[in-house]
Amino acid sequence: MLGKTFLIILADVVGWGYFFCWTVSFLPQIYENWRRKCVVGFSFDMLGYFLLSYIMYVIYNVTVFFKPELVFEKSDEDNPVKLTDVVFAVVAFVCTSFQGIQCLMYDRGSQAIHLSTVLACGGCLVTLAALVILKYFGVGSWLLVLQYCGYVNLVVSFGTYFPQVWLNFKRKSTTGFHIGGVLLDFGGGVLSILQMVIYFVVEHSSTQLTGNVPKMALGLVTLLFNIILVWQHYISYRGNECTPDDAKPLVKKPKMAK
């Protein structure tokens, strides 16, 4: 019994640990944008997909946390969505929205969000609105709406970081993209998955792993892309710089002759 109690407490501590890492991970980029008064080097497409992802994440987590009966038939089954998931989803949406405001305020150089991103995100939101409207007319269910939110978040999670990776590749530089947020994001991803594993051990139920698919996907994909971004920053494009008002790549600075 003591072992189970310890694991439950550990899971809660780990949960707030990933909440702290993921929440703080937004601040370095916000600070970087403010310091430079420029958002060149920060992918607008990535921001757009993140915003869509967190809109879906908020709807899914808040609804399942307060109305688990919409998803789970057994009322005594432990809810895989925790309070930390709900708080993080809301904070993440607010911080991402603030980054969007920064992109409108500060120098953008020649960067712009691609039409494909606007159409993809807009199409997902229109479909969500359509499902909600149909539910009010007796077609479909709230479960269908939640499943849609969960799997849109799942699909989007697999490509959210790709625009930033691609932008870094084109510019051959990570100037304008703060690596501190990536390191915190990586730590949050590890702790997020660890919490789910601990609850799996405590409850001997796969619900903690399969009942919150968006959280699992977010954690795994976060780790993969964080590793790529860290490689770009510290190895591939180390020392490469771009001017703050130009999105074109610059060659690596030549070393001074001795």
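Modeller: Val 202 counts as buried, at 10% relative accessibility, where buried means under 20% relative accessible area, exposed means over 50% and partly exposed lies in between, computed with a 1.4 Å probe on protein chains only. The model is a predicted one, in which local features need pLDDT of at least 70 and side-chain atom pairs count only at pLDDT 80 or more, while totals for chains, interfaces and linings use all residues. Residues are numbered from 1 along each chain as its sequence is written, and side-chain values use heavy atoms, with hydrogens and water left out.

Val 202 has its place in helix H8 (residues 179–203), helices being DSSP runs of H or I with at least four residues, strands being runs of E with at least two, and both being numbered from the N terminus. Once its neighbours within four places in sequence are set aside, Val 202 is in contact with Lys 4, Leu 7 and Ile 8, contact meaning heavy atoms within 4.5 Å. Lys 4 lies 198 residues from Val 202 in sequence, yet the two C-alpha atoms are 6.2 Å apart in space. For the protein chain as a whole, 84% of the contacts between residues at least 6 apart in sequence join residues at least 24 apart. Buried residues make up 45% of its 258 residues, and its secondary structure comprises ten helices and zero strands.

Moving to another buried position, Thr 96 sits in helix H4 and has a relative accessibility of 2%, so it too counts as buried. Apart from its neighbours within four places in sequence, Thr 96 is in contact with Phe 26, Leu 47, Phe 50, Leu 51 and Tyr 54.

The pairing of H2 with H4 can be described through their axes. The axes of H2 (residues 26–36) and H4 (residues 83–105) come within 10 Å and cross at roughly 15 degrees, an axis being a line fitted to C-alpha atoms, for helices over the stretch in contact, and the angle running from 0 to 180 degrees between N-to-C directions. H2 is therefore roughly parallel to H4, since angles under 35 degrees count as roughly parallel, over 145 as roughly antiparallel, 65 to 115 as roughly perpendicular and the rest as oblique. The crossing of H2 and H4 is left-handed, a term used if the near helix is turned anticlockwise from the far one by less than a right angle, with clockwise giving right-handed. H2 contributes Phe 26, Gln 29, Ile 30, Asn 33 and Trp 34 to the contact, and H4 contributes Phe 88, Ala 92, Cys 95, Thr 96, Phe 98, Gln 99 and Gln 102. These residues divide into seven nonpolar, five polar and no charged, with Ala, Val, Leu, Ile, Met, Phe, Trp, Tyr, Cys and Pro taken as nonpolar, Asp, Glu, Lys and Arg as charged, and the others, Gly among them, as polar.

Cys 95, one of the H4 residues in that contact, is buried with a relative accessible area of 13%, and Cys 21 is buried as well, at 15%.
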